[in-house]
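Q: Can we go through this one together? I'd like to start with a helix and then move to the rings.

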Amino acid sequence: MAGILLVEDDPSVRTALELALTRQGHSVTSYATGEEALDHIRSRRPEIAILDVMLPGIDGIEVCRRVRKLDQLPVILLTARGDDLDVVVGLEAGADDYVVKPVEPRVLDARIRAILRRAESAASDRITFGDLVIDRGALKVTLAGKEIHLTPTELRLLLELVRHPGQVLNRRYLLRVVWDHTHIADSRLVDACVQRIRAKIEPTPAEPVFIHTVRGFGYRFSPP
C-alpha cells in the first residue's frame with residue numbers, strides 16, 4: 001500500500017480516482033489546489049504525488065518544480081490529451097512520469113507501482129568512475145565527494161546505463177526496463193530524464209563526458 005497525494009481540481013475526477021486507487025489498496029489523500037498540496041508535503045510527506053497539470057493558482061508543474069528544490073518525492077503528472085508542451089515542461093521540471101486524461105485507473109495504478117519498485121530496487125555494490133561514485137546498496141551518488149540528489153527514476157536510469165558501459169541502449173529498451181512502458185511515443189521520458197541527470201553529474205552538461213547521445217539510437221555510458 002502506498003501513501004498517495006492526489007491533486008485534481010475537478011471534483012468528479014478527483015473522487016473517481018481516489019475511490020479507484022483506494023480499491024487497489026493505496027492510502028489516498030486528495031486536494032483541489034497546489035497550495036494545499038505543498039502544505040501537505042511539508043507536514044506529511046507522501047510516498048508519491050499525482051498532480052494535475054491544470055490547477056487553479058499554483059499549477060501542477062510549478063508544484064513539481066518547488067518540490068524538486070527540496071525533495072526527491074516521485075511525481076506523476078496528469079495531462080490533457082495532446083498537450084505535448086505541458087508534458088515536456090513537466091518532465092523538465094522533474095516529473096517522473098505522466099498519464100494522459102481521461103485517466104484509466106488501472107494504468108495509473110501500474111505507473112504508481114512501477115515508480116515505487118524503482119524507488120525500492122537496489123544492488124549491493126559500489127562503483128567508481130573517477131570522481132563519480134555510485135553506491136547501489138545505499139542508493140547514493142557522489143561527485144568529487146559531494147552527494148548528488150537523484151530522483152528514484154533518475155537513479156534507476158543511471159544504474160541501467162552503468163550496468164552496460166560502452167553499450168548503446170536504445171530508448172525503447174530504457175522505457176521498458178526503467179518505466180515499464182512499451183509505447184515508443186513516450187521516449188521523451190528518457191530524453192528529459194537524461195537531461196536532468198546530465199545537469200547533476202556532468203561537469204559541462206552540453207558537452208557530456210559520462211552519458212553520450214548516439215543519434216537515432218539512444219544513449220551510451222562511457223566514462224572518461
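A: Starting with burial, α6 has these buried residues: Pro 152, Thr 153, Glu 154, Leu 155, Leu 157, Leu 158, Leu 159, Glu 160, Leu 161 and Val 162. Buried means under 20% relative accessible area, exposed over 50%, and partly exposed in between, with a 1.4 Å probe and protein chains only. This is a predicted model, where local features need pLDDT of at least 70, side-chain atom pairs count only at pLDDT 80 or more, and totals for chains, interfaces and linings use all residues. Residues are numbered from 1 along each chain as its sequence is written, and side-chain values use heavy atoms, with hydrogens and water left out.

Q: Why is α6 largely enclosed?
A: Of its 12 residues, 10 are buried, so the rest of the structure largely encloses α6.

Q: Switching to rings, how many aromatic pairs?
A: Two aromatic pairs, where rings of Phe, Tyr and Trp (its six-membered ring) pair if their centres lie within 6.5 Å; planes under 30 degrees apart count as stacked, over 60 as edge-to-face and the rest as tilted. Phe 129 and Phe 221 have ring centres 4.9 Å apart and planes at 70°, so that pair is edge-to-face.

Q: Are Phe 129 and Phe 221 buried or exposed?
A: Phe 129 is buried at 17% relative accessible area, and Phe 221 is buried at 0%.

Q: What about Phe 210 and Phe 221?
A: Phe 210 and Phe 221 form a stacked pair, 6.1 Å centre to centre with 15° between the planes. Both are buried.

Q: Which residues make up the cluster?
A: Phe 129, Phe 210 and Phe 221, linked by ring pairs.

How values were computed:
Helix = DSSP H or I, 4+ residues; strand = E, 2+ residues; numbered from the N terminus.
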